[in-house]
Amino acid sequence: MGAAKLSGMQKQVLSLYRGFLRAARSKPTEDRKRIESIVSTEFRHNSKEVDRKNFQYIEYLLRLGTKQLDQLKSPDIVSLSSVKVVASKT
């Protein structure tokens, strides 16, 4: 029995997650642990709370995460803050 194939969007999410972890490795140890904790918490929260069929919202989170990752990759940035994004019910 083979592994389930991932959709394009699932691959994007995993790629973004790995990108954050790679970027965290370039930061000082103390900051790295904090970044890894925030990233892990945010991804786990969104995996439980966001409807998997809400493609627009997932795409929005991907764009937001990509922007945050680009900022984190900057050598001037040493940490990451958690931002609470609330989806509208409409």
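## A buried phenylalanine

Phe20 counts as buried, because its relative accessibility is 3% and the cut-off for buried is under 20%. The model is predicted.

## Aromatic pairs

Three aromatic pairs are present in the structure. One of them joins Tyr17 and Phe43 in an edge-to-face arrangement, with 5.0 Å centre to centre and 70° between the planes. Tyr17 belongs to helix H1 (residues 8–25) and Phe43 to helix H2 (residues 29–49), so this pair ties together parts that are 26 residues apart in sequence.

Phe20 and Phe43 also form an aromatic pair, and it is edge-to-face: the centres are 6.3 Å apart and the angle between the planes is 70°. This pair links distant parts of the chain, with Phe20 in helix H1 and Phe43 in helix H2, 23 residues apart.

## Accessibility of the partners

Tyr17 has 25% relative accessibility and therefore counts as partly exposed. Phe43 counts as partly exposed because its relative accessibility is 22%.

## The cluster

Tyr17, Phe20 and Phe43 make up one aromatic cluster. Phe20 is buried at 3% relative accessibility, whereas Tyr17 is partly exposed at 25% and Phe43 is partly exposed at 22%.

Methods: Residues are numbered from 1 along each chain as its sequence is written. This is a predicted model: local features need pLDDT of at least 70, side-chain atom pairs count only at pLDDT 80 or more; totals for chains, interfaces and linings use all residues. Side-chain values use heavy atoms; hydrogens and water are left out. Rings of Phe, Tyr and Trp (its six-membered ring) pair if their centres lie within 6.5 Å; planes under 30 degrees apart count as stacked, over 60 as edge-to-face and the rest as tilted. Helices (H or I, at least four residues) and strands (E, at least two) are DSSP runs, numbered from the N terminus. Buried means under 20% relative accessible area, exposed over 50%, partly exposed in between (1.4 Å probe, protein chains only).
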